[in-house]
Amino acid sequence: MNNTVLVIAAHPDDEVLGCGGAIAKHVQDGDSVYVAFLSDGVASRQESETVEATRKRAEYANEAARILGVKQTFQLPFPDNKMDSVPLLDIIQELQPIFDDVNPNIIYTHFYKDLNVDHRVTYQATMTIARALPNSKISKILCFEVLSSTEWSNEHERFSPTAYVSIEDTFQTKLEALKAYDEEMREFPHPRSYRTVEALAEYRGAMSGLLKAEAFEVARLIL
Ligand SMILES: [Zn+2]
């Protein structure tokens with residue numbers, strides 16, 4: 001049986017950093033992958049600049065989705081870096097129809113202790129919608145790590161992965177998709193650099209006996 005996968009990310013580029021390799025692998029295996037973004041990732045500036053920045057970010061997201069083989073993306077309108085100013089119920093009400101439409105059995109989303117507040121809110125909204133109701137189709141919820149947010153958290157409870165996906169065969173595709181967001185990338189040793197992305201893939205690989213891997217915390221797994 002092929003899977004229906006929904007990635008719920010706060011910002012365009014989180015999906016590639018967090019699980020771009022896993023997305024490409026799902027697509028290779030014949031699964032259908034959808035991505036929902038809760039914010040456009042563009043901080044408010046002067047209105048004309050914002051419109052242009054939003055248009056460009058959407059273009060990058062579409063290009064990354066095309067490279068990864070994502071079937072469809074959805075963009076919700078919540079404010080960048082201030083999703084904690086929006087009632088959770090409003091976010092859930094906007095996300096629910098997408099969720100109902102896609103009807104996923106596998107979900108990827110953020111780690112709940114990330115430094116970025118939008119990531120935390122995204123996790124909360126996702127877990128509320130995906131709560132384990134009787135006859136729920138959801139069998140797997142995995143939380144990904146996003147460089148320059150997950151590792152920057154000062155919480156005592158740190159990201160402790162327990163699930164790994166080999167991305168040996170899909171790392172190049174992940175890298176190519178990430179290049180769609182080149183404007184967001186920085187020079188090493190910034191964590192959001194191509195070199196750090198590769199280093200993390202190798203580090204997570206070394207933790208799991210694989211050449212390259214993406215690592216996840218399991219939020220739910222039904223076997
Ligand atoms: Zn983000």
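The buried residues of helix α2 are Thr 50, Ala 53, Arg 57, Tyr 60, Ala 61, Ala 64, Ala 65, Ile 67 and Leu 68. Seen down the axis of α2, these buried residues fall within an arc of 155°, so they line one face of the helix. Here, buried means under 20% relative accessible area, exposed over 50%, and partly exposed in between, with a 1.4 Å probe and protein chains only. The arc is that of the directions from the helix axis to the C-beta atoms. The model is predicted: local features need pLDDT of at least 70, side-chain atom pairs count only at pLDDT 80 or more, and totals for chains, interfaces and linings use all residues. Residues are numbered from 1 along each chain as its sequence is written, and side-chain values use heavy atoms, with hydrogens and water left out.

Helix α2 covers residues 47–68. Its 22 residues reach 31 Å from first C-alpha to last, close to the 32 Å expected at 1.5 Å a residue. That expected span is 1.5 Å times one less than the number of residues. Helices (H or I, at least four residues) and strands (E, at least two) are DSSP runs, numbered from the N terminus. The buried residues of α2 pack against α1 (14–28), β2 (32–39), β3 (72–78) and α5 (171–179). The face turned away from the buried side carries the exposed residues Ser 48, Val 51 and Arg 66. Gly 69 follows α2, with a positive phi near 90°.

Strand β4 (residues 106–110) is mostly covered: five of its five residues are buried. Strands β1 and β4 run parallel and are joined by three bridges. Val 5 has Ile 106 of β4 as its bridge partner. Strand β5 (residues 140–144) also pairs with β4 in the parallel sense, over five bridges. Thr 109 stands opposite Cys 143 in β5. Two strands pair if DSSP finds at least two bridges between them.

Thr 4 lies in strand β1 (residues 4–9). At 18% relative accessibility, Thr 4 counts as buried. Beyond its neighbours within four places in sequence, Thr 4 has contacts (heavy atoms within 4.5 Å) that include Tyr 34, Ile 106 and Lys 137.

A zinc ion is coordinated by His 11 (ND1), Asp 14 (OD), Asp 14 (OD) and His 119 (NE2), at 2.1 to 2.4 Å. Donors are N, O and S atoms within 2.8 Å of the metal (3.2 Å for Na, K and Ca); water is not among the atoms, so sites may look incomplete. The donors follow the spacing H-x2-D-x104-H along the chain. Both His 11 and Asp 14 are buried.
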